[in-house]
Amino acid sequence: MTSGITRRTVLASASAAVAGTVVGAAAADGTAYAAGGETYAAGGTDWTAVRRQFRLDPRWINLAAFFLSSHPEPVRHAIAYLSRQIDADPTRVDSLTLPDGPTGWDRVRTELAGYLGGAAEEYALTGNTTVGLGHVYNGIPLRPGQEFLLSDREHVAHLGAAILAADKHDGTVRTVPLFAAPENATVDEIVGRLQQEIRPATRAVGVTWVQSSTGVRMPVAAVADVVAEANRGRAAEDRCLLIVDGVHGLAAVDTDLPDLRADVVAAGTHKWLCGPRGTGLIWGRRDAWPYLRPAVTPIFREDSIANMTPGTFHAFEHMFALPAAVAFHRGIGRSAVAERVTELSAHLREGLAAMPHVALRTPLDPALGAGITCFDVDGLTGAQTADRLAERRIRISTSPNPPPYARIGTSIVNFPREIADTLSAIHDLRAP
Ligand SMILES: Cc1ncc(COP(=O)(O)O)c(C=O)c1O
């Protein structure tokens, strides 16, 4: 897969939703970094030009940038453009415009659907993944004695949403391991374990597309088959839904959301999509809509998943600037982004796997991974590894669940040379 996109087209497309002055400003911002950066020529995309769109500290190798968006220039510009309009007259929030035309709820949903798949009415908008998952689980009409079944590696945002909702209905949450060791996980193991665990009382199965605690990319479509099998012969009111925390797959994996074949996907758009901070979405399959009831007064009165969008006033300059993030990613190309993320991760994982003092915790199989890689260094906790790398101005993070592995996310702001430098720094962490 190659995108054939050049620096000029990246910048032109990325700027499509905002003013034409963007290119000059971005070049000035990126000058310091560009000197030490490199163009990734093989895929045809000018990654240095992409990197210049960000104000990330050029003195650091940032392998945690996926964690929360550093706004690229087109997004910064769009936010400022909208903010000026709101500050001038806050009553105008129904008629805000980006330089290329009106923006608002409908445009945001239409553009997300155009980029991520499905139809606009299948999208609701939220402030982040956590809020989205909270709405979804709260909306499921659980009956006493019924349960939500989650993988034991779910982020607290997902687990918490299920627990809070189940408590209200005298239901329960059961967490189960879907693999023994993340690095050796296989599709057959995940599917086999899930088949054993779904019970008649299970009203939702909750998994994460790409786990932030292990880096494992779950085979969501295969999981959907298991859930569909469990639903065979069930009464409609007892249907088991498949709910996916999609935050680390969205804009990192080249898959349309409907092709995951989940019932619902909740995700922040302020991580891999580089969207405005404080934005997120819920995508819902049409035949799942009747099972999802809003927990907060909705902003729309549509008979669709849209009514999971909570009212009323929002940080509109952020929410309605989302088209700029979509345009930025579209300018690079979804497959080019995913290919870049995957290639950098593969390079990293192969290097880590070859080091005797490192235990890789993410599968080497690219089908079971995406942009997140977890690992342990002999004699160091994940936090100690992060601290030691920070001494060399390499920013990594740690996984949020125990055990807290060291964690690296390779994203569109990174270069192969940064991965090589990071591998060399991890190599040097060997005990003498
Ligand atoms: C897997 C996973 N789900 C949910 C969240 C919470 O995301 P948000 O900040 O969009 O609520 C995180 C945070 O990084 C995460 O890693």
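1. The centres of domain 1 and domain 2, taken over C-alpha atoms, are separated by 27 Å in this predicted model. Domain 1 spans residues 94-325, and domain 2 spans residues 336-427.

2. Across the boundary, 25 residues of domain 1 are in contact with 25 residues of domain 2. About 1,800 Å² of area is buried between domain 1 and domain 2, and carbon and sulfur atoms give 60% of that area. On the side of domain 1, E183, R217 and W272 supply 31% of the area buried against domain 2, more than any other three residues.

3. Between domain 1 and domain 2, the count is one salt bridge. A salt bridge is also formed by R361 and E183, with the closest N and O atoms 3.3 Å apart.

4. Helix α11 covers residues 322-332 and holds H329. Is H329 buried or exposed? Its relative accessibility is 0%, and H329 therefore counts as buried. Leaving aside residues up to four places away in sequence, H329 touches Y115, A251, W272, L273, C274, R334, V337 and I412.

5. An open sheet is formed by seven strands in the order β4-β10-β9-β8-β7-β5-β6, with mixed pairing. The edges are taken by β4 (123-126) and β6 (172-176); each has a single partner strand, so one side of each is left without a neighbour in the sheet. On average, neighbouring strands of this sheet are turned by 20° against each other, direction ignored.

6. The partner of β4 is strand β10 (residues 280-284); the two run antiparallel and are joined by four bridges. Within this pair, Y123 stands opposite W283 in β10. Helix α5 (residues 105-116) packs on the sheet and touches β4 and β10, its direction making about 115° with that of β4. Helix α9 (residues 220-231) also packs on the sheet, where it touches β7 (202-208) and β8 (241-245); the direction of α9 makes about 160° with that of β8.

7. Four strands form another open sheet, in the order β11-β12-β15-β14, and the pairing is antiparallel. Here β11 and β14 (397-398) stand at the edges with a single partner strand each, so one side of each lacks a neighbour in the sheet. Three bridges pair strand β11 (residues 358-360) with β12, four bridges pair β12 with strand β15 (residues 406-409), and two bridges join β14 to β15.

8. Which residues stand opposite F375 of β12? A406 in turn stands opposite T398.

9. Strand β12 (residues 372-377) is mostly covered, with six of its six residues buried. I372, C374 and D376 point one way from the strand, while T373, F375 and V377 point the other way; all are buried. Helix α12 (residues 334-353) lies across β11, β12 and β15 and runs at about 15° to β12.

How values were computed: Residues are numbered from 1 along each chain as its sequence is written. This is a predicted model: local features need pLDDT of at least 70, side-chain atom pairs count only at pLDDT 80 or more; totals for chains, interfaces and linings use all residues. Side-chain values use heavy atoms; hydrogens and water are left out. Buried means under 20% relative accessible area, exposed over 50%, partly exposed in between (1.4 Å probe, protein chains only). Contact means heavy atoms within 4.5 Å. Two strands pair if DSSP finds at least two bridges between them. Axes are lines fitted to C-alpha atoms, for helices over the stretch in contact, and angles run from 0 to 180 degrees between N-to-C directions. Domain bounds come from an automatic or database domain assignment. Buried area is the accessible area (1.4 Å probe) that two parts lose on being put together, summed over both. A salt bridge is a side-chain nitrogen of Lys or Arg within 4 Å of a carboxyl oxygen of Asp or Glu.
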